[in-house]
Amino acid sequence: DRQRGRVEVRAPTEEEIRRNPNLRGHIEVSPDGRTFRYADGTPFFLLADTLWAGNTARCGLGEDRDGPFFRHLADRRAKGFTAILMQYFHGYGDYDDAPGHRNEGGRTFLGQPAARLNPAHFQALDRRLEALWGEGFVAAVPTTWWGKTRRCVCTVEDACRVSAYCAVRYGAFNGLWALSGEYQYAFPDCGWKAADFGALGATVQAHNPYRHPVSIHPSARLDWPAPHNVQSSRPFHGEAWLDHHWLQTGQSVDRLHNIPRRLAENRALTPARPVFCSEACYERVGDAESAYHTRWQVWTAFLCGAAGFGYGAHGVWQFYDPLDPEGETGKQTREVTEWRSAQQFPGASQVRHARDLLTGLAWWRLEPRREWLTVNGGPNPSPSARDLTPPHAASIPGEAVVIYVPRGNETRDLALTHLPGPSPRGRWFDPRTGVSAPCAGPGAGASTWALPRRPEPGDDDWVLVLESEGTRQDR
């Protein structure tokens, strides 16, 4: 009733929420400290795509929402992603002495050093954040990389000022916030101290009225001075500004085993905080088994207790475009691929099957239970740099057990020593196609169950779901 100065507020319909889950409200840490949820209490399944260079001219908006940025969002939404990892501004750090990459409005700053922000740059960024919101994505956002550069454009004071500006300008959009990317580089590159990140965190939280979860993105290296010689934000666990953890576990196949290891380290901390596997091993053209390695990571992450997983592809994260008219092609890594080709890597289509299966269960109650599995009659070993074959399991107490069986187990005897309830039913789930097939479950009164033979191809990876008779729904 506008004449009386009142505006009617209408609750969104179920169809509107289905089209845009952001209408459920802002993301927050769940009460148990293990996962995230929307403000209305609905659990948030965090499956992110990495688009660090989303705010660049080569990842453009187009004339009428028809540019590469919008086309990429449509592709990722169709593939089941729920979040986009993106920097507010790109090209500082990790690009040596580059002056920062432009978007439709130009570069981030007017002149050097970083004294004045460029309004047109942020107006173009506004349109990107509006698109993320409208398409139902959560933005997982470091402001930028403050280190990893031969020339530090910004001081700590600059970083606090710019981060506060971004927090205020973009606080109404749904997001997970990180203070910096690969924060350890700011120590040698820029002379920052851990206390400087504490000041930055306090500044961001002081400008965070919607209480967006805040963390910091780490390096994958382990040769930093202690206590920062880790692949997570663990050194800041006790800081008042931090309420969840990000992991970066390494950009090579021999470091995939860090995912369960780092998750276990961070989940053991008190109080409990969600752990986001934000950057693992990116899919790349030079890895003939890239789709398998992608599947291994996403299933291992969620069954070992991750609150979310960030998929990445070389060629997409930097939005590599060799035809950029000003030569801002994106970082030319050893196995870089033009973004249109990298967008179609097979693993990007297969991670959604993890979302589809787990969201059919009470996935937010999953508890890692690798110790419930035996291999050839002995304890289930931990994966290592040379051996990714050990299986993984997680339990929803009293309801279900989900088991991921990697490649290399065709001739091994695998057994489950704990069952979710009397007379549970089993099914094999194909992580390549998302198709389920029933299998014989444990007999009545069984306490240990020998896993049945895998379907064909028996030497590939499979997921086994065992559900209590009383909780399983027809599918």
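Predicted model: local features only at pLDDT ≥ 70, side-chain atom pairs only at ≥ 80, totals over all residues.
Strand β4 covers residues 46-50, and because 5 of its 5 residues are buried, the strand is largely enclosed by the rest of the structure. Its side chains are divided between two directions, with Leu 46, Ala 48 and Thr 50 pointing one way and Leu 47 and Asp 49 pointing the other, and all of these residues are buried.

Strand β4 pairs with strand β11 (residues 308-311) in the parallel sense over 4 bridges, and within this pairing Asp 49 has Tyr 311 of β11 as its bridge partner. Strand β4 also runs parallel to strand β5 (residues 83-85), to which it is joined by 3 bridges, and here Thr 50 stands opposite Leu 85. Between β4 and β5 the chain passes through helix α2 (residues 68-78), and the β-α-β crossover made in this way is right-handed.

## The six-stranded sheet and strand β21

An open sheet of 6 strands, paired in the antiparallel sense, has the order β12-β15-β16-β21-β18-β19. Its edge strands are β12 (367-368) and β19 (436-439), each of which pairs on one side only. Helix α8 (residues 290-303) lies across β12, β15 (392-396), β16 (400-405), β18 and β21, and the helix runs at about 150° to β16.

Within this sheet, 6 of the 6 residues of β21 are buried, so the strand is largely enclosed by the rest of the structure. Trp 462, Leu 464 and Leu 466 point to one side of β21, while Val 463, Val 465 and Glu 467 point to the other, and the buried state applies to all of them, Glu 467 included. On one flank, β16 runs antiparallel to β21 and is joined to it by 6 bridges, with Val 401 standing opposite Leu 466. Strand β18 (residues 425-429) is likewise antiparallel to β21 (residues 462-467), and 5 bridges join the two; in this pairing Trp 428 has Leu 464 as its bridge partner, and Arg 427 stands opposite Val 465.

## The four-stranded sheet

A further open sheet consists of 4 strands in the order β14-β13-β17-β20, again with antiparallel pairing. Strands β14 (378-379) and β20 (449-450) stand at its edges with a single partner strand each, so one side of each has no neighbour in the sheet. The pairing of β14 with strand β13 (residues 373-375) is antiparallel and extends over 2 bridges, and Val 375 has Gly 378 of β14 as its bridge partner.

Ser 232 belongs to the loop between β8 (214-215) and β9 (245-248).

The side chain of Ser 232 has polar partners of two kinds, one in the backbone and one in a side chain. A polar atom of the serine side chain lies 3.1 Å from the backbone nitrogen of Arg 234, and the side chain also makes a polar contact, at 3.4 Å, with the side chain of Asn 266. When neighbours within four places in sequence are left aside, the residues in contact with Ser 232 are Tyr 183, Pro 218, Trp 246, Leu 247 and Asn 266.

## Cysteines

The model contains 1 disulfide, formed by Cys 152 and Cys 190, whose sulfur atoms are 1.9 Å apart. The angle about the S-S bond is -90°, and the link is left-handed. This pair connects distant parts of the chain, since Cys 152 lies in the loop between β6 (138-142) and α4 (156-170), whereas Cys 190 lies in helix α5 (residues 186-190), 38 residues apart. Cys 152 has a relative accessibility of 29% and counts as partly exposed.

Terms used: Residues numbered from 1 in each chain as written. Heavy atoms only, no water. Buried < 20%, exposed > 50% of the residue type's maximum accessible area, 1.4 Å probe, protein only. Pairing = 2+ DSSP bridges. Right-handed = clockwise from strand over helix to strand, strands pointing away. Contact = heavy atoms within 4.5 Å. Axes fitted to C-alpha atoms, helices over the stretch in contact; angles between N-to-C directions. Polar contact = N/O pair within 3.5 Å; in protein donor to acceptor, adjacent residues only side chain to side chain. Disulfide = S-S within 2.5 Å.
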